[in-house]
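Subject: Structure handover

Hello,

My notes on what was found in it follow directly after.

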Amino acid sequence: MKSPEVEQRRVVVIGAGPSGAIASALLKRHGHDVLVLERQRFPRFSIGESLLSHCLDFVEEAGMLEAVRAAGFQAKHGAAFAWGERYTDFDFRDTFTPGQGSTFQVQRAQFDQLLADEAVRQGVEIRFEEEIVAADFAGDCPRLGVRRQDGSQYQVETAFVLDASGYGRVLPRLLDLDLPSDFPVRQALFTHLEDRIDDPAFDREKILITTHPELRDLWFWTIPFSNGRCSSAWWPTPAATRAATATWRPACASSSPRPRPWPGCWPMPYGIPRCAPSAAMRPTSSACTARASPCWATPRSSSTRCSPPG
């Protein structure tokens with residue numbers, strides 16, 4: 001059998017997401033030979049859409065801030081928290097240390113593509129649809145096995161490997177470095193909605209975190225985007241999921257909506273269905289349509305488990 005070809009590189013970065021694109025651009029700006037290997041084809045859907053202000057410090061250091069600001073993403077100046085009728089917010093611009101006071105809420109497909117394009121513009125080589133399938137650190141230099149989309153394989157020998165694969169955990173999986181977590185198990189059900197929120201009191205420049213008024217271990221996020229859509233999700237423990245499902249189904253059977261005053265709706269916040277999400281509400285970027293009530297939204301391509309309000 002013919003041995004796979006072996007390529008020599010100084011630095012290999014695994015993953016072309018924000019951390020991989022920024023890190024590779026910084027390395028290139030300091031004169032290093034760098035290759036980025038990305039398993040997927042961009043643009044692609046991802047969560048992690050509400051950035052922190054400090055993220056822009058790294059974006060700026062990598063020479064990408066001007067492009068990000070010109071892209072028209074939703075400005076984000078802070079975070080808001082709601083529980084029942086209680087509401088409070090924090091403005092990131094109220095600072096006592098140097099640094100960015102504002103940031104953005106982004107749809108990651110466009111944001112990640114922009115950062116990758118900026119890295120390429122600065123001279124970084126990114127190879128999409130090439131997956132790391134083996135990692136050998138036993139020799140003098142690390143050696144990675146790479147599989148192309150057509151199934152052919154080659155190897156890369158490098159002085160340094162930077163794993164920027166995020167929750168893909170490429171090196172931890174290949175090198176058996178995963179450790180069990182003692183954090184509570186949670187499941188996130190989320191989707192993108194056309195939110196149609198027209199309440200003037202709603203602040204699109206903040207992420208809204210809403211805690212269920214009765215199930216304190218169940219909370220939701222509402223992340224508005226600049227195009228009239230938002231990312232909406234619930235984030236429960238398994239016990240909270242069972243309790244919430246039992247609670248919401250009877251309420252959803254009614255044909256008359258029961259919206260509560262801003263900032264929260266019963267039992268879910270702006271832009272999220274008033275009933276337990278159906279199986280169709282899974283991690284996708286499929287288009288969704290919100291009804292006139294800010295407390296009601298349904299996936300366009302599927303039905304929910306309850307009847308819409310009349």
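Glu214 is found in the loop between β12 and β13. The model is a predicted one, and in it Glu214 is exposed, with a relative accessible area of 52%. That value is over the 50% at which a residue counts as exposed. In sequence Glu214 is 131 residues away from Trp83, but the two C-alpha atoms are 9.1 Å apart in space. Trp83 also has a charged group over its ring: Arg216 lies over the face of Trp83, at 3.7 Å from the ring centre.

The loop that holds Glu214 belongs to a hairpin, in which 6 residues join β12 to β13. The two strands pair in the antiparallel sense over 4 bridges, and Thr210 stands opposite Phe220 of β13.

The next strand along is β13, where 6 of 7 residues are buried. β13 runs antiparallel to β14, and 7 bridges join the two. The bridge partner of Leu218 in β14 is Pro236. β13 and β14 form a hairpin as well, with 4 residues between them. Gly228, in the turn of that hairpin, has a positive phi of about 85 degrees.

Now the aromatic residues. A search of the whole structure gives 7 aromatic pairs. In one of them, Trp219 and Trp235 are tilted, with 6.1 Å from centre to centre and 45 degrees between the planes. Trp219 lies in strand β13 (residues 218-224) and Trp235 in strand β14 (residues 229-236), so this pair ties together parts that are 16 residues apart in sequence. How accessible are these two, Trp219 and Trp235? Trp219 is partly exposed at a relative accessible area of 27%, and Trp235 is partly exposed at 26%. Both values fall between the 20% and 50% limits, which is why neither residue counts as buried or as exposed. Ring pairs also link Trp219 and Trp235 into a cluster with Phe45, Phe190 and Trp221.

Elsewhere in the model there is an open sheet of 6 strands in the order β7-β2-β1-β10-β9-β8, with mixed pairing. Which strands stand at its edges? They are β7 (125-128) and β8 (130-136); each has a single partner strand, so one side of each is left without a neighbour in the sheet. Neighbouring strands of this sheet are turned by 45 degrees against each other on average, with direction ignored. Glu38 has Phe128 of β7 as its bridge partner.

Some totals, for reference:

- Secondary structure: 6 helices and 16 strands.
- Burial: 47% of the 310 residues count as buried.
- Contacts: among those with a separation of 6 or more, 66% are between residues 24 or more positions apart.
- Surface: the accessible surface comes to about 15800 Å², and 53% of this belongs to carbon and sulfur atoms.

Regards

Notes:
Residues numbered from 1 in each chain as written. Predicted model: local features only at pLDDT ≥ 70, side-chain atom pairs only at ≥ 80, totals over all residues. Heavy atoms only, no water. Phe/Tyr/Trp six-rings, centres within 6.5 Å; stacked < 30°, edge-to-face > 60°. Buried < 20%, exposed > 50% of the residue type's maximum accessible area, 1.4 Å probe, protein only. Lys NZ or Arg CZ within 6 Å of the ring centre and 35° of its normal. Pairing = 2+ DSSP bridges. Axes fitted to C-alpha atoms, helices over the stretch in contact; angles between N-to-C directions. Contact = heavy atoms within 4.5 Å. Areas by Shrake-Rupley, 256 points an atom, 1.4 Å probe, with all protein chains shown as cover.
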